[in-house]
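Trainee: I have a new model on screen. Could we go through it in short questions?

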Amino acid sequence: MRSGPFAPPAPAHELTVTSADGARLHVEVHGPDGAPAVVLVHGWTCSTAFWARVIRELAADHQVITYDLRGHGGSPVARPGGCSTDALADDLEAVLEATLDSAAGQRAVLAGHSMGGMTLMASSARPHFRAHAAAALLCSTGSSRLPARSHVVPLRAGRLRTALHHAILTSRAPASPLAPLGRRVLRYITLGPDASAEMVEACARIVAGCPRGVRADWGRVLAELDLDRGVTRVAVPTAIVHGAADRLTPVRHAYALAALLPHCVGVTELPGVGHMTPVEDGATVADRIRDLVLHHLTPRAGVTAGGASDDLGPHRHDETDETDETKEPTA
């Protein structure tokens, strides 16, 4: 059995949750019962193992709940037509209902990476999200125009580059992230220049576990994504963490989200970090979650839960949003 900071820790217990359309979701709970609750939602082609570093940082004094999105990890492939932003929201709602105590008014800090962040946006108006979310963290994610804004293909922004990114997202071609060439491609697309060989290996093993049909079906959802309205409904205090070297969802997405969020409490931009922020800098991601727990979930003298206005990090609004047809990438 693999060990080390990138290997998934053993959960305190596991359960299977059934979503609204009958989809079965693998759920893990780490850490002590009764501790402040944190819910982690992974991204496209990943699994609960993606959060290993963050879980190890938090599980000593937090109850950490994480689950495999449908078709990923231990959650079976969705029925035909079962991949949509509504399905993402249904699944998160089912997990929150099954793992948090509604009768006691239990709340949690919710953190989502990439498609996991999109899951939070898609769920923002849902009743269980509103009842249980005390604060949120969005990691390396965006709400719309993903193919147009990506820097994976090193061409000038425009229709051709957008079309190529769309084709990459929706491709059903075989991928071999564990092969030498596959590792190099994976590193280029998803990781920053400071990523270690161990980080590349961990991400390659996780991504290799995603069936290509699942990858393509969810990639089609991402290619057509438009959750800008959902962002404006995320009423809880929300922090953002984003890698400055992210090619897949470049950092401009972070500032676009900050401008839309009703209560953004900070943008943390990580130099030298790519798209895989919880793997590349799990300590900072865990620290942002701890800050949100402290300020918005754990009662403190003179501070009402969810009502603090603490700024958790640098929050810039000076980014100009040039049209995607003219902006030159820095790939």
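Trainee: Which residue forms a salt bridge with Arg288?
Mentor: A salt bridge needs a side-chain nitrogen of Lys or Arg within 4 Å of a carboxyl oxygen of Asp or Glu. Here the closest N and O atoms are 2.8 Å apart. The partner of Arg288 is Asp291.

Trainee: What should I know about the model and its numbering?
Mentor: This is a predicted model: local features need pLDDT of at least 70, side-chain atom pairs count only at pLDDT 80 or more, and totals for chains, interfaces and linings use all residues. Side-chain values use heavy atoms, leaving out hydrogens and water, and residues are numbered along each chain, as its sequence is written, from 1.

Trainee: In which helix do Arg288 and Asp291 both lie?
Mentor: Helices are DSSP runs of H or I with at least four residues, and strands are runs of E with at least two, numbered from the N terminus. An α-helix has 3.6 residues a turn, so residues three or four places apart point the same way. Arg288 and Asp291 are 3 residues apart, about one turn. Their helix is α13 (residues 282-296).

Trainee: What is the relative accessible area of Asp21?
Mentor: Arg70 is buried, because its relative accessible area is 1%. Asp21 is partly exposed. Its value is 29%.

Trainee: What N to O distance does the salt bridge of Arg79 and Asp21 have?
Mentor: Arg79 is partly exposed, with a relative accessible area of 47%. Its side chain meets that of Asp21 in a salt bridge. The N to O distance is 3.4 Å.

Trainee: How many disulfides does the structure hold?
Mentor: A disulfide is a pair of cysteine sulfur atoms within 2.5 Å. The count is 0.

Trainee: Which cysteine sulfur is nearest to that of Cys203?
Mentor: Cys203 is in no disulfide. The nearest cysteine sulfur is 6.9 Å away. It belongs to Cys46.

Trainee: What does helix α8 reach from its first C-alpha to its last?
Mentor: Helix α8 (residues 197-208) has 12 residues. The expected span is 1.5 Å times one less than the number of residues. That gives 16 Å, and the model is close to it. The reach is 16 Å.

Trainee: Which elements are among those covering the buried residues of α8?
Mentor: Those buried residues include Met199, Cys203 and Ile206. Cys203 counts as buried because its relative accessibility is 0%. Cover means contact, that is, heavy atoms within 4.5 Å. The covering elements include α1 (52-58), α7 (180-190) and α12 (277-280).

Trainee: Which residues does Thr45 touch, not counting those up to four places away in sequence?
Mentor: Thr45 sits in the loop between β3 (37-41) and α1. It counts as buried, because its relative accessibility is 8%. Its contacts are His72, Ile206, Val207, Cys210 and Arg215.

Trainee: Which residues form a nonpolar patch on the surface?
Mentor: Patch residues have over 30% relative accessible area and no salt bridge; like charges are joined within 9 Å, and nonpolar side chains (Val, Leu, Ile, Met, Phe, Trp, Tyr) within 5 Å. Areas come from the Shrake-Rupley method with a 1.4 Å probe, and for residues only the protein chains shown count as cover. The patch has about 250 Å² of accessible area together and is made of Leu155, Leu160 and Leu164.

Trainee: What distance separates the C-alpha atoms of Pro154 and Arg247?
Mentor: Pro154 lies in the loop between α5 (146-149) and α6. It counts as exposed, because its relative accessibility is 61%. Arg247 is 93 residues away along the chain. The C-alpha separation is 9.8 Å.

Definitions and conventions. Buried means under 20% relative accessible area, exposed over 50%, partly exposed in between (1.4 Å probe, protein chains only).
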